[in-house]
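Good morning, and thank you for coming.

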Amino acid sequence: MAPAKRRNVSSVKTTEQSVKTAKIDLNSTVERILESRKNANDVFDIFEILQSEKEKEVVSAVNACNKLFCTLLERKELFVGNLPGEEEGLSGKYSAEEKYRMFMRHRYNSCVEMLLEHLSHELHDVKESALCCLIKFAAGEGQHPLEDLDWSEHYSFPRELIQAVVDRLLSQTTDNSLLISRFQEFLEMEDLRYYVMSSIRNHVGKVMDKNKGAVHPLYQNNVFTLMSNINMPSQESELTNFMVKQEGKHEDWKAAKLSEHKRIFERMWLGFLKYKLPSGMYKKILVILHDSILPYMSKPTLMIDFLTAAYDVGGAISLLALNGLFVLIHQHNLDYPDFYKKLYNLLEPSVFHVKYRARFFHLANVFLSSSHLPVYLVAAFAKRLARLALTAPPTALLIVLPFIYNLIRRHPSCRVLIHRPSAEDVTEPLEDPYLMDEEDPAQCCALESSLWEIKTLQKHYHPDVAKAAMLINTPLPQQEDDIDEALETTPFELMERDLKQSQIKSVPLEFETATQLLKGGGDVLGQHFCLV
């Protein structure tokens, strides 16, 4: 159902009309229209209130329109097929029945147009009521189509109305995050979700091509908010909640097939990600990529270009791209030969201060968990972390030190970094052969060096760090340290813990209190002087 281009209600209000509007009982008006076709013109009274400036009146008018036109759809009293113009409909070649249906169909189109405009209203309650009413209209059109097609061969779904709603939600000038969160409730319906994804893809293509792919943060934020609110089913058996029932043709319907959902879901995301995005948007997408996007794509490997481009950006974006790349490497056999080299180069002083530090070290721990990694590679990571530890904050050191110990436990050949016999009898300090600026872990000479940095940290000002560094003086147990708890530790929590420990300590007192120290002091002093 395409919205009408021309509204048939005048927006000019006189004082007399305003007084009349206040006296209209909307429920009675709807009942009169539904009871007798002679009262069809009363629909203009409802439209007049629908354009009011008062929030309560507009919401009441929306509810009245909802009741009126949903009932007319159910009764099949709206014209079906290619709708003639108003003037053509008044000609004598149509019967009175057909003229009434055309009249009400034109009123329905006008109502839909006004409701779509209300999706951009400044008041949220008006926008929300208009949205809910439009979805009710869509459900009504699905059950009682307004297009004259052979429904034995076609599937009935109001695609044009849903496309119009999506176009309004994806505004280029207004942040619709709150309204989109309300729309999420309707996305639980399988067929609606399917056609919404198709509508998003079409709208993004048109808007971004028109703007030549330029960055539009507000628009792209609306698109991301709507797409990220889509919860995809994981099994075919979960496709049970449909807005429109297709009766016997239901099994052959694309919206009822999980493979088709994945296909359109994939095309939607790829169509959005092929354009340039704001830097903040990259982070939002990468955070949810491995959980909410890749598992529901029919071909997840199509995301490799986006992930490798994000991995090359640097900083926090590179850290977040690790998760998606790891999924593609381990679950989809992606060949990425420079993965560990790039991971090695992400180890910079800033890694201890970024927001996603915990996620990075958790992933790095997973990446380096294999016992089949070459010794030089593991030694390079251990040595680089040890060098960075010299300037790291205490909260980061409580992660780094157990991390290094775990690497040594998994790869016993790296124990040479702890104790190097060739340097036992040397009295003068030796030059460290490790090349910190070398980007290739195979060429950094980490195996020829030692972890002297940990020995230095044994003099650290924080007692927990010094205690952790002292462990390297004793044989490391086989059991690996659990670093998960330390990953989320903040400086505030570390300070609170230290303060609580200092309060537990008490000052030792003498067991027997002195009672005669100040009594009879004169005799004691006199005896003392006599002795002298």
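Predicted model: local features only at pLDDT ≥ 70, side-chain atom pairs only at ≥ 80, totals over all residues.

Let us begin with the core. The largest nonpolar core holds 162 residues. Among its members, F69, F137, F183, I200, W269, F272 and I285 touch the most others. Helix α19, residues 394-410, supplies the largest share of this core, with eleven residues. What does I200 touch, leaving aside its neighbours within four places in sequence? Its contacts are V166, L170, V223, L226, M227, I230 and M268.

I turn now to the pair of helices. Two packed helices are described by the angle and the distance between their axes. For α14 (residues 304-311) and α15 (residues 315-331), the angle is about 145 degrees and the axes lie 8 Å apart. The contact involves I304, L307, T308, A310 and Y311 of α14, together with residues of α15 including I317, A321 and L328.

Finally, the salt bridges, of which the structure holds 15. E97 pairs with R37 at 2.3 Å, N to O. E97 belongs to helix α6 and R37 to the loop between α2 and α3, so this pair ties together parts 60 residues apart in sequence. E97 also forms a salt bridge with R101, at 2.7 Å. R101 and E97 are four residues apart in helix α6, which means that about one helical turn separates them. Elsewhere, K383, R387, D432 and E453 are linked in a network of salt bridges.

Thank you for your attention.

Conventions. Residues numbered from 1 in each chain as written. Heavy atoms only, no water. Core = buried A, V, L, I, M, F, W, Y, C linked by side-chain atoms within 4.5 Å. Buried < 20%, exposed > 50% of the residue type's maximum accessible area, 1.4 Å probe, protein only. Helix = DSSP H or I, 4+ residues; strand = E, 2+ residues; numbered from the N terminus. Contact = heavy atoms within 4.5 Å. Axes fitted to C-alpha atoms, helices over the stretch in contact; angles between N-to-C directions. Salt bridge = Lys/Arg side-chain N within 4 Å of Asp/Glu carboxyl O.
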